[in-house]
Amino acid sequence: MFRLILREEKFFEFFDEAANNILEGAKVLVQMTDEHDSDLQERWKRLEELEHVGDKITHQIIRKLNRTFITPIEREDIHGLAVALDDVMDLIEASAARMSLYKIKRPTEESGKLAQVILKSAEEIVKAVSSLERMDDVMEHCIEINRLENMADDISREAIADLFDKEHDPMDVIKWKEIYETMETTTDRCEDVANIVESVALKST
Amino acid sequence: MFRLILREEKFFEFFDEAANNILEGAKVLVQMTDEHDSDLQERWKRLEELEHVGDKITHQIIRKLNRTFITPIEREDIHGLAVALDDVMDLIEASAARMSLYKIKRPTEESGKLAQVILKSAEEIVKAVSSLERMDDVMEHCIEINRLENMADDISREAIADLFDKEHDPMDVIKWKEIYETMETTTDRCEDVANIVESVALKST
Amino acid sequence: MFRLILREEKFFEFFDEAANNILEGAKVLVQMTDEHDSDLQERWKRLEELEHVGDKITHQIIRKLNRTFITPIEREDIHGLAVALDDVMDLIEASAARMSLYKIKRPTEESGKLAQVILKSAEEIVKAVSSLERMDDVMEHCIEINRLENMADDISREAIADLFDKEHDPMDVIKWKEIYETMETTTDRCEDVANIVESVALKST
């Protein structure tokens with residue numbers, strides 16, 4: 001009967017949940033790139049669970065959106081941000097899936113660097129999203145996420161160029177090239193989050 | 001003089017045409033992955049024709065959209081759905097092009113599985129689009145398309161991991177990896193169609 | 001005090017600047033595919049500079065957009081066009097980066113053909129964007145950009161198929177495959193520009 005909620009603020013809580021879920025995922029990915037880490041498959045299964053948690057949060061946001069008449073920020077931005085946060089978690093899981101499925105012998109130094117950049121981006125996403133309700137300091141976190149994406153792009157390009165110089169097995173070149181690209185794409189999706197958050201902040205000033 | 005049509009329902013007919021064109025394309029792709037199929041290039045040429053048919057339908061929709069004042073569903077959704085359907089057909093053709101251009105010796109079992117998933121997605125697209133005008137059962141078809149996309153992602157990941165284990169020629173690894181990825185991307189584009197159809201259905205409830 | 005500009009026409013000037021910056025970038029890329037060209041890294045550095053120029057123009061457009069109340073074309077189209085032009089320049093730089101980082105011995109004929117198509121697309125972008133203010137001849141340039149994208153797709157597909165036939169070093173196959181794909185993606189981004197320009201033109205008729 002009263003399913004239509006007139007004005008709903010709970011969206012910010014959901015975004016916080018999704019961002020913290022990403023942060024937890026990024027921490028697991030960092031563990032996978034530690035050469036003393038023992039079980040890639042175990043970590044990957046954990047990331048699959050976190051991905052499902054992310055899916056549920058996304059669906060809750062979209063269901064609530066369809067029952068809400070007046071939203072605190074524009075409807076299309078709520079939808080866009082929910083999808084963008086979901087995409088980040090999906091790409092973290094996809095990076096882990098490749099490390100596990102391709103049975104890599106030991107993580108490379110570069111994969112560790114990229115995982116660290118993803119972790120830092122996740123920390124900035126948590127801050128950007130949590131500052132969205134109060135609209136303070138939003139921009140500086142978005143700028144930092146953009147900087148981190150550029151950094152990941154440079155690391156990934158150099159890492160792939162190095163594969164051609166130093167790696168003699170073409171199979172390993174193909175495997176690592178794709179792992180680096182998937183990790184770099186993860187930071188592209190973080191940048192998508194930052195761009196939406198930034199545009200929401202700009203509209204409200 | 002009377003080029004401006006006030007309210008136009010013909011859009012649903014065009015969407016049905018585009019969806020059935022995709023279905024025909026998916027059937028040709030399934031044939032290409034049958035190991036007893038004789039002529040990859042012939043099939044590919046057929047898919048190029050179907051791609052051109054798809055292009056024409058897309059242009060007709062966009063032309064009509066620009067002459068229509070009141071649309072049965074939101075303008076941006078009509079445009080988005082036309083482009084998304086076009087993209088599915090393009091990716092089916094792109095998958096076939098790679099199989100033909102890379103002169104694969106015999107289709108793999110996994111390429112057959114992926115083509116079947118694409119065929120099932122195409123069948124669901126036909127149903128989802130045809131139920132859009134009456135707005136009944138739309139959601140169940142969209143959910144099924146999402147499930148099929150997840151399935152294609154799993155098949156493709158496993159198939160690529162298997163290439164590294166079982167395939168000894170790096171050239172064949174590179175070829176098949178790209179064919180699997182292109183087929184998997186086809187189901188991503190099917191999911192884009194489902195997402196637009198779903199959002200149209202949600203807006204109208 | 002008077003930061004809010006009521007109606008701002010300067011957007012067209014910025015778009016012209018961004019388009020001419022792309023054209024300059026495309027010329028440098030053509031030089032890199034000349035087999036008598038001496039210094040890939042020098043050319044790449046130049047393209048990094050042009051990419052930064054592009055970034056600045058994009059930021060200026062978005063900053064101005066946020067301070068402008070009435071825009072000559074729809075706000076989302078201004079934003080979309082700025083981002084699309086930025087993406088073209090990024091992809092030109094990304095193509096050059098790969099040629100330089102992968103230390104290619106000599107440019108292939110096909111990379112020269114693709115660079116020429118990118119150059120022609122850039123020339124059409126300059127014309128399309130400059131005709132946007134007066135809204136004359138916009139469509140023919142957009143159609144030409146679409147035609148050039150199809151051409152690049154064909155060249156790139158054939159070039160990659162040729163690698164499998166003629167190239168014996170898998171490392172070189174992987175390198176060139178990615179260079180061709182990045183160049184082809186550049187023309188996809190040119191098509192995105194054309195699609196936005198086309199839709200702006202259609203809305204205004």
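**View 1. What lines the second largest pocket.** Seven nonpolar residues, one polar and ten charged make up this lining in the predicted model. Here Ala, Val, Leu, Ile, Met, Phe, Trp, Tyr, Cys and Pro count as nonpolar, Asp, Glu, Lys and Arg as charged, and the others, Gly among them, as polar. The pocket holds about 280 Å³ of space, the volume being what probe spheres set on the grid points fill, with points joined across faces, edges and corners. Of its 18 lining residues, B:Thr108, B:Leu163, B:Glu167, B:Trp176 and B:Tyr180 sit closest to the centre. Helix H4 (109-130), helix H5 (138-166) and helix H6 (170-203) of chain B each give two or more residues to the lining. (A pocket is an open set of points on a 1 Å grid over the protein atoms alone, where a 1.4 Å probe fits, with protein on both sides within 12 Å along at least five of seven lines; lining residues have an atom within 4 Å of a point. Helices are DSSP runs of H or I, at least four residues, numbered from the N terminus.)

View 2. C:Ser100 is buried, at 12% relative accessible area (buried means under 20%, with a 1.4 Å probe and protein chains only). Beyond its neighbours within four places in sequence, C:Ser100 is in contact (heavy atoms within 4.5 Å) with C:Leu40, C:Gln41 and C:Trp44.

**Notes.** Residues are numbered from 1 along each chain as its sequence is written, and chains are lettered from A in the order in which they are written. In this predicted model local features need pLDDT of at least 70, side-chain atom pairs count only at pLDDT 80 or more, and totals for chains, interfaces and linings use all residues, while side-chain values use heavy atoms, leaving out hydrogens and water.

Technical notes
Buried < 20%, exposed > 50% of the residue type's maximum accessible area, 1.4 Å probe, protein only.
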